[in-house]
Amino acid sequence: MFGLYLHIPFCRSRCSYCGFNSYAGLEERYTSYFEALLTEIEYQLSTEDWPVVSSVFFGGGNPAILGGKRLSLLLGALRKSFRLSPTAEVTTELNPEDATPELLKSLKSAGFNRLSLGWQTLNGDGLVSLKRRHNRQQAIDSLTAARGAGFDNVNIDMIFGLPNQTITEWRDDLATLASLNPDHLSLYSLSLEPGTELLRQVEAGKTELPPVDDVAHMYEIAIEVLRKSGFDHYEISNFAKDGHACSHNLNCWHGGEYLGIGAGAHSHLKGKRSWRVNDPIEYIVRSRENDTIAGNEVLDKGRKLGERIILGLRLCDGIDIGELEAEYGVNISDIYGDAIRDLKQKGLLVAGSRLALTEKGLLLANEAMVAFV
Ligand code: SF4
């Protein structure tokens, strides 16, 4: 599998919790950034004999800010420079306030076949505290509009552990989500990222987050409610209806190759990781010389193996130990025997023919994964 990622680093305003590589107030750069992406995509044609592309993901920022026509042209340019599989999953992120019938129609006819809608919460106070630009009804309407435009593969991004959020409010969100029947859900607990307005508010005592135990309980509730509603919990934060697991992310969790294009985009190719300059203006300038890579690293065998295990443990069915040993020519117990025994004793890991986190391990995933760094 081989994935393409395209980053659009612009937003109309900044959400209070946002730690992504995104910028507000750069409207005058949209056209030159779009042209820089086209330049970079065209340049890729001459650099490699690329494998067939199994997934494409437009993320941000807010891709819709460029408008349906530019997004369609970018997808068309990718088709010229790469060989997209006829069954490729082609996703774009989309915020509810942008999900107009016109935009959805143009995305569908351009060949996008999956949407990832950024709802984050259905609670009015929660949306205000996150400084999102949509309300509850716009979120719900965006799914209806997506279905109306023919999208039968729709993810919804949600966050829990919001300021002052109660367990009851989270249960309400989950019940509504289950009744609306999306194809996929990504649920993340709120993290306080450096430099964000939310972190400043919390540090100043103006905003309070729910207790850690409540947040852990919200995660347990989500697993229980969504399983009962027919979702397969296939990755720590991800739930899918039959056949709707996200191919693009599965490729990353399986240690596959991907090429990232755009400001701050990361790539993983032939055992090397690289990343492009974060700043969109610097990216625009450097794209003219095909010089947008800010850094790279070649992973040695030990780090590669550790990363494969960490990524693989994100998946609820874990990793096939035999396959991993054959691929790396090692005996996993020789290297990680002590760590595995310790995590098993703590009830965080099961290790038979596969290595996988337990339910408790999913809750304490960071603690478990540190053992493989
Ligand atoms: S829409 Fe997403 S990328 Fe943009 S500011 Fe909000 S959280 Fe950040």
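**Notes on the model**

1. Asn-181 sits in the loop that links helix H6 (167-180) to strand S8 (184-189); helices (H or I, at least four residues) and strands (E, at least two) are DSSP runs, numbered from the N terminus. The model is a predicted one, in which local features need pLDDT of at least 70, side-chain atom pairs count only at pLDDT 80 or more, and totals for chains, interfaces and linings use all residues. Residue numbers start from 1 along each chain as its sequence is written.

2. Phi of Asn-181 is near 60°, a positive value in a residue other than glycine. Asn-181 counts as partly exposed because it has 13 C-beta neighbours inside 10 Å. On this scale, a residue is buried with 20 or more other C-beta atoms within 10 Å of its own, exposed with 12 or fewer, and partly exposed in between, C-beta atoms being placed from the backbone.

3. Strand S7 (residues 154-160) runs parallel to S8, joined to it by 6 bridges; strands pair if DSSP finds at least two bridges between them. Asp-157 has Ser-186 of S8 as its bridge partner. The β-α-β crossover from S7 through H6 to S8 is right-handed, that is, with the strands pointing away from the viewer, the path from the first strand over the helix to the second runs clockwise.

4. S8 also pairs with strand S10 (residues 238-240), in the antiparallel sense and over 3 bridges. Here the bridge partner of Ser-186 is Asn-238.

5. The peptide bond from Gly-60 to Gly-61 is cis, with omega near 15°. Gly-61 belongs to the loop between strand S4 (53-60) and helix H2 (68-81).

6. The largest nonpolar core holds 74 residues, of which Leu-4, Leu-78, Ala-146 and Phe-160 touch the most other members. Such a core is a set of buried Ala, Val, Leu, Ile, Met, Phe, Trp, Tyr and Cys residues joined through C-beta atoms within 7 Å. A second, separate core of 14 residues includes Tyr-336, Leu-348, Leu-355 and Leu-357.
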